[in-house]
Amino acid sequence: MTIRQIAWSIYGHFAWDRNRNTKMADKIFNIILTAIGTGNNNETVLDAGCGTGLYASRLSDKGVSVTGVDYAPAMIRIARKKCANEKVSYKLADLSKTLPYYNDYFNHAISISSLQAVPDPVFSLKELSRVVKKNGTIVLVHFGKPDTHKESIKKHVQKQLVNIKKPTFIGKLLFYLKSIFERSGFSTYWTTDDLKLIVEHSQLTIKRIKKIEKILIVEIKNVL
């Protein structure tokens, strides 16, 4: 495993599900649901960079067949433990490499804050386009740079820990490390114009862009 895989696996095991704004996750999920639709239970969705399966499992509960991929083994292990029906499955895969699926394999794809961590987002987006059927929808969710990055790392972490019941020592340490990594370029923070350029260079078409606070949700029509 690479250092990044190990880092995300450790973080996923101890802190990932605790570092979540439930109300915001609900808003994002509802937008995704509207974008891909749920009228046809035969439709398939790729959750690229699925983490611990938050969105994949919720989509499967709506009757959509979902395949979640992530390159952090611990994330996949946790996601599989949450799996409660045959509509969702998980697999290890690296979004910075060729995806292990045929062309036009899925009806739609979603990617929640995953392209921010790949070295070549245009390549990764083209791969999503390749495995999604023509006229399918690709939904990208991009988390903007937190205002808390203007504060000290200590204050940033303290704010993240407010809603966590009995945080462990390891959990606290991982929040500190994550904040350090984010500020050192571990994640890329794009503007709306940056995202438009990435989509343009991927030869795709934007259907609409929605903004919720600092989160950009880009709906892309796959025309390739």
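Select helix H5 (residues 121-131) together with helix H8 (residues 192-201): their axes come within 9 Å and cross at roughly 55 degrees. Axes here are lines fitted to C-alpha atoms, for helices over the stretch in contact, and angles run from 0 to 180 degrees between N-to-C directions. Helices (H or I, at least four residues) and strands (E, at least two) are DSSP runs, numbered from the N terminus. The angle makes H5 oblique to H8; under 35 degrees counts as roughly parallel, over 145 as roughly antiparallel, 65 to 115 as roughly perpendicular and the rest as oblique. The crossing of H5 and H8 is right-handed, meaning that the near helix is turned clockwise from the far one by less than a right angle, with anticlockwise being left-handed.

This is a predicted model, in which local features need pLDDT of at least 70 and side-chain atom pairs count only at pLDDT 80 or more, while totals for chains, interfaces and linings use all residues. Residues are numbered from 1 along each chain as its sequence is written, and side-chain values use heavy atoms, with hydrogens and water left out.

Stay on H5 and colour by burial, where buried means under 20% relative accessible area, exposed over 50% and partly exposed in between (1.4 Å probe, protein chains only). Eight of the eleven residues of H5 are buried, so this helix is largely enclosed by the rest of the structure. Pick out Pro121, Val122, Ser124, Leu125, Glu127, Leu128, Ser129 and Val131, the buried residues of H5. Contact means heavy atoms within 4.5 Å.

Next, select helix H2 (residues 22-36) and helix H3 (residues 54-61), which pack at an angle of about 55 degrees with their axes 11 Å apart. H2 and H3 are therefore oblique to each other, and H2 passes H3 in a right-handed crossing. On the H2 side, show Ala25, Asp26, Ile28, Phe29, Ile32, Leu33 and Ile36; they meet Leu54, Tyr55, Arg58 and Leu59 in H3.

Finally, show the whole protein chain, which has eight helices and seven strands. Buried residues make up 49% of its 224 residues. Among contacts between residues at least 6 apart in sequence, 66% join residues at least 24 apart.
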